[in-house]
Amino acid sequence: MRRIRNLMKTPEGMAGFGILATLILVALFAPVLSPGDPLRIAGDPLLAPFVDPAFPLGTDRLGRDVLAGIIHGTRTSLAVGIAAAIAAIAIGLCVGLAAGFAGGLVEEALMRVVDAFQIVPSFLLALAFVSVIGASVPVVVLAIALGAWADPARLTRAQVLSIRERDYVAAARVIGMHPVEIAWKEILPNALPPVLALSAIIVAAAILTEAALSFLGLGDPNIVTWGSMIAEGRNVLRSSPSLSIFPGIALVVTVIGVYLLSEGFGKTLAGSEA
Amino acid sequence: MSALCEIRELEVAYRGNSVPALTNIDLDIHAGERLAIIGESGSGKSTLARTIARLLPAGARVRGEMRWSIGQVPLPGRDLGFVFQDPSASLNPVLTIGEQVAEGARRHLGLTWRTAYERALDMLERVRIPDPAKVLKAFPHQLSGGQRQRVAIAAALAAGPGILIADEVTSALDMIVQAEIVSLLDELVREAGMTLIFITHDIALASGFADRVAIFRDGGLVEAGPTGAILTSPKDVYTRALLASHRDLSTPPLIREATS
Amino acid sequence: MLLIVIVLTFLLLESASGDAVDAYLLSIGGGDATVAQSLRQAYGLDQSMLARLWLYISSLSRLDLGWSVAFDRPVLLLVLERLPNTLLLMGSATALAFGLGSALGIVAGAKPESASDRVLSTVSLILYAIPSFWLGLVLSIVFAVQLRWLPTSGIETIASGKTGLTRAADIASHLVLPVGALALIYTALFLRVMRAGMADVWALDFVLFARSKGLSRSRIVLRHVARNALLPLVTMLGLQSAAMLGGSVVIESIFAVPGFGRLAQEAVSGRDAPLLMGIILVSAVLVICINLVIDLLYAALDPRVGASEPAA
């Protein structure tokens with residue numbers, strides 16, 4: 001709780017927290033804010049925005065409400081972004097800890113696998129994965145996580161390696177602490193902060209990757225996402241550019257919110273260390 | 001010898017600190033002398049050095065006066081050279097030694113790069129670096145600690161300043177190298193008729209070559225005067241304690257058991 | 001390491017429920033089981049998984065990347081055809097972003113917390129948050145549709161018969177928008193990295209020493225601070241190369257540039273496993289090569305790399 005209060009002291013933290021809190025509320029209350037299926041045909045097609053109060057942001061080619069799409073799209077972007085980041089960090093932590101502790105051949109083998117995943121462009125990997133398995137939300141989450149886990153893994157292992165040699169770990173060993181206890185109490189809490197700092201970037205990247213995947217038509221076809229809305233709008237780009245512009249703005253605001261929050265976190269962490 | 005600089009009621013505080021690093025300092029610096037500023041950690045001696053050289057960090061508050069007899073405040077590089085404690089940190093790792101020694105001369109003496117490099121070679125010879133032509137093209141990580149400190153001295157003196165401030169320049173070096181560096185500084189300063197301000201915590205080292213000493217403690221000036229006078233008849237209790245706690249090989253051991 | 005990439009990708013593509021033959025049959029309006037069977041035999045798709053893996057690896061050693069079912073051509077040729085366009089696109093975007101980003105980063109980092117720094121930091125934050133495909137669309141709307149200054153798609157005007165300089169100019173005008181979209185976003189990233197690097201270097205002692213020598217501000221900023229902050233930026237360039245290659249997929253798709261990324265999309269829609277494998281493999285090789293070049297560049301910039309014993 002104290003951390004959150006500290007966070008609110010920085011302007012970035014406050015702004016980021018505000019944006020994300022609003023978005024989370026919108027996502028949670030989407031059915032209330034905009035009842036009904038956002039993919040249903042609600043009105044006349046291609047209504048311009050800011051003209052009809054019933055459809056503040058207009059409608060698309062099939063007459064679907066743009067505002068409803070944006071509100072419901074919040075759920076997908078946030079859910080996929082956060083879930084993929086958690087998955088990537090979880091996998092990365094496990095592999096990194098295992099590599100850092102095991103050493104020897106196991107470490108070598110694991111790091112080669114990490115190398116392989118870092119060399120292949122993560123978007124291509126996600127693309128291939130979704131195309132092969134089929135497009136649904138869990139698959140998209142896993143696809144993004146597969147492309148993103150390598151960096152946290154590498155970072156965790158580096159942290160483990162450096163902390164392992166520090167004086168306070170040697171001291172713990174000297175007084176006879178069990179290796180697993182050392183891992184849990186001494187190493188993990190100190191290895192965590194840099195990895196957590198990375199997490200905001202992973203969330204942001206995951207949100208953008210999900211948007212790109214659904215833009216290319218590889219997202220879940222049964223739900224509305226901002227990426228698919230932009231793709232839809234592309235068909236009528238010359239006549240109704242607003243269809244592509246509004247979901248894009250929503251994406252930009254979301255990602256900015258994530259970045260601001262992480263900058264706020266970074267400043268409070270730095271402040272507490274100073 | 002006339003007063004090169006008169007410091008009156010100097011008070012310095014760093015940003016964010018309510019307790020000042022220096023309080024009420026009254027000190028004269030005489031032209032051409034070798035002045036040793038002696039004190040333990042936190043005494044404010046480095047702060048004084050940086051205030052004189054105008055190298056304080058942003059936001060530091062300075063009150064009081066520093067009157068200079070040369071008419072204007074000395075400019076770092078041109079009138080004033082500064083050498084730091086840690087030679088590894090003083091040198092830019094990606095630039096050659098030659099460039100780092102020559103750049104000061106080029107800026108303040110208006111030399112072309114070619115002439116500045118010749119001057120750099122000359123400076124390296126004066127600080128007794130072996131094989132100076134090769135070192136000109138070398139990088140800092142290729143030299144030892146003692147050599148890096150010599151290079152730093154050469155770079156600080158490249159533009160021919162009249163004042164040299166040496167801030168704990170020997171503290172990071174081995175004993176034998178310390179003695180070499182000190183004798184080098186002494187020689188350079190004597191040759192050029194420079195004023196030397198030598199900051200240290202080691203009173204024995206300073207007493208070996210300083211004309212005057214100034215003792216600092218907790219941000220205040222304890223006493224100042226000619227070296228011989230201070231050493232033989234210190235006026236302040238603290239100075240006496242400082243002298244008494246100096247150790248060398250003839251001092252009795254701290255722990256009784258060590259003698260057997 | 002490449003071997004791991006091969007094996008893993010192969011396993012991944014194996015888990016597909018339908019294969020290239022199914023997709024092909026779908027695209028030609030259906031066919032019966034015998035046709036499917038004979039096709040599979042012809043392409044060797046009816047053998048066991050391990051056998052096919054072995055076959056693939058051994059043919060790789062002969063630089064044979066397999067046969068694309070959707071295009072009915074060797075994968076290697078397809079890749080080599082499309083690669084130059086992507087390299088041109090990526091290379092220009094990277095060069096532009098690096099130059100602009102580091103220059104602006106130096107301006108921002110020269111005076112941390114100043115007005116120019118805050119403005120640049122805010123702008124870079126917003127730019128970096130923009131999805132590249134959306135930026136591409138917006139730029140397309142503004143410049144190609146509304147203003148009609150630039151063409152909307154393709155890499156050159158088809159069948160124009162232009163050669164030499166006029167052709168180069170034609171290609172260039174087609175590439176302005178896609179390169180611009182990619183470059184703007186990466187400029188934001190490089191700006192932030194350069195600025196952060198400079199903030200770190202300012203705190204180091206040798207900068208204080210440079211100040212004590214009374215050097216001019218521009219020399220301290222450029223030759224001392226920026227020159228050192230360049231190093232983490234170059235490292236970042238290497239780390240981003242894989243991401244940039246992936247990013248070219250969407251940009252090429254929006255602007256219909258016939259490049260490597262677009263080929264990936266076509267492979268996906270054609271369920272063309274050999275082509276997809278070939279693309280992933282070649283990307284991995286490309287990233288390795290780029291990283292090698294970056295490593296050489298870094299070694300040239302940092303004299304401490306590969307250092308042996310002290311000279312004296």
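**Chain A**

From the N terminus on, the elements of chain A follow the order α-α-α-α-α-α-α-α-α-α-α-α, and its secondary structure amounts to 12 helices and 0 strands. Helices (H or I, at least four residues) and strands (E, at least two) are taken as DSSP runs and numbered from the N terminus. This is a predicted model, in which local features need pLDDT of at least 70 and side-chain atom pairs count only at pLDDT 80 or more, while totals for chains, interfaces and linings use all residues. Residues are numbered from 1 along each chain as its sequence is written, and chains are lettered from A and ligands numbered from 1 in the order in which they are written.

The C-alpha trace of chain A extends over about 75 × 45 × 30 Å along its principal axes. Chain A has 274 residues, of which 45% count as buried; a residue is buried if 20 or more other C-beta atoms lie within 10 Å of its own, exposed if 12 or fewer, and partly exposed in between, with C-beta atoms placed from the backbone. Two residues are in contact if their C-beta atoms, placed from the backbone, lie within 7 Å. Among contacts in chain A between residues at least 6 apart in sequence, those joining residues at least 24 apart make up 69%.

**Sheet in chain B**

Chain B contains an open sheet of 3 strands in the order β2-β1-β4, with antiparallel pairing; two strands pair if DSSP finds at least two bridges between them. β2 and β4 (61-68) of chain B stand at the edges with a single partner strand each, so one side of each lacks a neighbour in the sheet. Neighbouring strands of this sheet are turned against each other by 10 degrees on average, direction ignored.

Strand β1 (residues 3-13) of chain B pairs with β4(B) in the antiparallel sense over 7 bridges. B:E11 stands opposite B:R63 in β4(B).

**The loop residue B:A31**

B:A31 belongs to the loop between β2 (22-30) and β3 (34-38) of chain B. B:A31 is partly exposed, with 16 other C-beta atoms within 10 Å. Its C-alpha atom is separated by 13 Å from that of B:I165, 134 residues apart along the chain.

**Contact between chains B and C**

Chain B contributes 31 residues to the contact and chain C contributes 21 residues. On the side of chain B that touches chain C, α2 (87-90), α3 (97-109) and α6 (145-157) of chain B each supply at least two residues, and α3(B) gives the most, with 4 residues.

By class, this side of chain B has 16 nonpolar, 9 polar and 6 charged residues. Ala, Val, Leu, Ile, Met, Phe, Trp, Tyr, Cys and Pro count as nonpolar, Asp, Glu, Lys and Arg as charged, and the others, Gly among them, as polar.

Terms used: Axes are lines fitted to C-alpha atoms, for helices over the stretch in contact, and angles run from 0 to 180 degrees between N-to-C directions.
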